[in-house]
Amino acid sequence: TAESGERHLEIIHELEQEVDQLQLELGRASKRFRRSVDAVTVDKLVAHLPEDAVLVDFLIYGDQGKSRLVAGVLRREKDGPVFDMIPYKTDMETMQKAIVAYRTSIQEEGIEDEELIKVGQETYDLIWAPIKKALGGREKVYVVPDGMLNILPFNALADEEGNWLAKSLDLHILTSSRDLIPSEIPAAKGGLLILAGPDYNSDKVVEREVIAEIAGKRSASSGEVKEGMRAFSSGMRGLHFDPLPGAEKEGKLIISQAKGVDEKRENKIYLQNDAQEKVVQSIEEPPEMLHVATHGFFLKPDDSLRKRLLKMQRGGDVPLPPPGDNPLLRSGLAFAGINGNATYLGEIDTRNDGVLTALEVLGLDLTGTRLTVLSACETGLGEIHEGEGVYGLRRAFQEAGSEAVIASLWEVSDAGTQALMTGLYKRMLQGMSAHDALRESRLEMINSQEWSYPYVWSAFMLVGK
């Protein structure tokens, strides 16, 4: 700038030194921070990649105005590590359309198996077939997606013979290749924490006197003031959720399975009116596992809100951040009381208003939490940024400290979710890792008559360690 003049580089150097000092202070105070800035070298990845596994790291890049995909592949052989880089001939736009078409087909009621397999094979040919040879015959595959690949049900791709990848490959979905390196952070000492089947219509979460006072203030205000108050929550103030009786049953089944497994751990469950947002907001000792069975949501950006905010910015001295454009404010989980409180969001205590946004999740301390299970609809969705992943609930819980997150890629039936979760916890409580437990439960459903359709068994994805 004109102010910095010839001191431009000197000022940058001073800022870099200030950053280094802040990082030293943060590193002394936080193991999580030390891990986040620790350099990840190729040698470390090679050392921690199992000999029977292969790492596939996808990257989207720009080329002459088009987005294209490349896959970096790493495997270990007797002579040492083998590296492959596979550029895709098909442009990313074509692959994105295929991903959307396949996701739509899986959720389409009444679609014939043959038709679904055909669409699955078309997506497989575009995305998986080009890297198949580079896998070196490995069945255990660590996958780091990018862009729209973050919401692709890899397990439900159909190979050349029409078989689901879930049956032939053991797919591990990572946020980044850094997830291959073991964590030095010890496991949280809290037990299993479950919130399930909230009473969305409860009027006991926020005192009626508080609601009445807000309503009274509104009626005494002008129309312009009302509009200003509603502007920042227009999407969420229209939220309304139907009961999920299966979610409450799911929570009770899991807690009964956990009884007697480890008597030293204190497991807690909150149901109906007790399943309130403040339970999560008030976590002091991180649980080893967190399970939330409720409704999830991801709202589309509010274009009219964006225009109003820009207009306000031009007319004011202080630039306002556009909260309606923040995807972490448009994704969240529903808790007790939300239906009655939705109209007053932004005017009542945000720590217990019935909706936990992804932005609020960032404020939680889940250091050492091994697994968070979001047994809710579309919790794996969010705003997709190439090279950065998905900005939504899944990302937020990982940033809060949870090493792995199980989230859903689309709306799932109540009964199907309950069946999958029951199988998952039965296996985990027997000592299986979360990944293996989810995989075995998925295979069991594939081989069953009732749950063999990909709509159910491929909906939930584990991302992380």
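Predicted model: local features only at pLDDT ≥ 70, side-chain atom pairs only at ≥ 80, totals over all residues.
Two strands count as paired if DSSP finds at least two bridges between them. In strand 12, H291 has V373 as its bridge partner.

**Strand 8 and its neighbours**

- Strand 8 (residues 287-293) is largely enclosed by the rest of the structure, because six of its seven residues are buried.
- Strand 12 (residues 371-375) runs parallel to strand 8, and five bridges join the two.
- Strand 6 (residues 190-198) also pairs with strand 8 in the parallel sense, over six bridges.
- H291 of strand 8 is the bridge partner of I194, and H291 is also paired with V373 in strand 12.

**Strand 1 and its neighbours**

- Strand 1 (residues 53-63) and strand 4 (residues 140-144) run parallel and are joined by five bridges.
- Within strand 4, V141 is the residue opposite V54.
- Strand 1 and strand 2 (residues 66-77) run antiparallel, with ten bridges between them.
- Within strand 2, R68 is the residue opposite Y61.
- Strand 1 and strand 2 form a hairpin with two residues between the strands.

**Residues with positive phi**

- Most residues other than glycine have a negative phi.
- Q64 sits in the loop between strand 1 and strand 2, and its relative accessible area of 79% makes it exposed.
- Q272 is not a glycine either, yet it has a positive phi of about 50°.
- Q272 belongs to strand 7 (residues 268-272) and is partly exposed, at a relative accessible area of 42%.

**Salt bridges**

- Side chains of opposite charge can pair when their charged atoms come close.
- The whole structure contains 14 salt bridges.
- R7 and E14 form one of them, at 3.1 Å from N to O. R7 is partly exposed, with a relative accessible area of 39%, and E14 is partly exposed with a relative accessible area of 39%.
- R75 and D84 form another, with the closest N and O atoms 3.3 Å apart. R75 is buried at a relative accessible area of 14%, which is under the 20% cut-off, whereas D84 is partly exposed at 30%.
- R427 and E444 are joined by a salt bridge of 3.4 Å, N to O. This pair links distant parts of the chain, with R427 in helix 15 (residues 414-428) and E444 in helix 16 (residues 434-446), 17 residues apart.
- R427 is buried, at 11% relative accessibility, while E444 is partly exposed, at 42%.
- R75, E77, D84 and R138 belong to one network, joined by salt bridges that share partners.

**Negative surface patch**

- E108, E115, E122 and D125 make up a negative surface patch.
- E108 lies in the loop between helix 4 (92-107) and helix 5 (113-127).
- With a relative accessible area of 40%, E108 is partly exposed; patch members need over 30% and no salt bridge.

**A buried loop residue**

- A336 is located in the loop between strand 10 (331-334) and helix 12 (338-341).
- A336 is buried, at 0% relative accessibility.
- Along the chain, A336 and T294 are 42 residues apart, and their C-alpha atoms are separated by 9.7 Å.

Notes:
Residues numbered from 1 in each chain as written. Heavy atoms only, no water. Patch = residues over 30% accessible without salt bridge, like charges linked within 9 Å, V, L, I, M, F, W, Y side chains within 5 Å. Areas by Shrake-Rupley, 256 points an atom, 1.4 Å probe, with all protein chains shown as cover. Salt bridge = Lys/Arg side-chain N within 4 Å of Asp/Glu carboxyl O. Lys, Arg positive; Asp, Glu negative; His and termini not counted. Charge placed at Lys NZ, Arg CZ, Asp CG, Glu CD. Helix = DSSP H or I, 4+ residues; strand = E, 2+ residues; numbered from the N terminus. Buried < 20%, exposed > 50% of the residue type's maximum accessible area, 1.4 Å probe, protein only.
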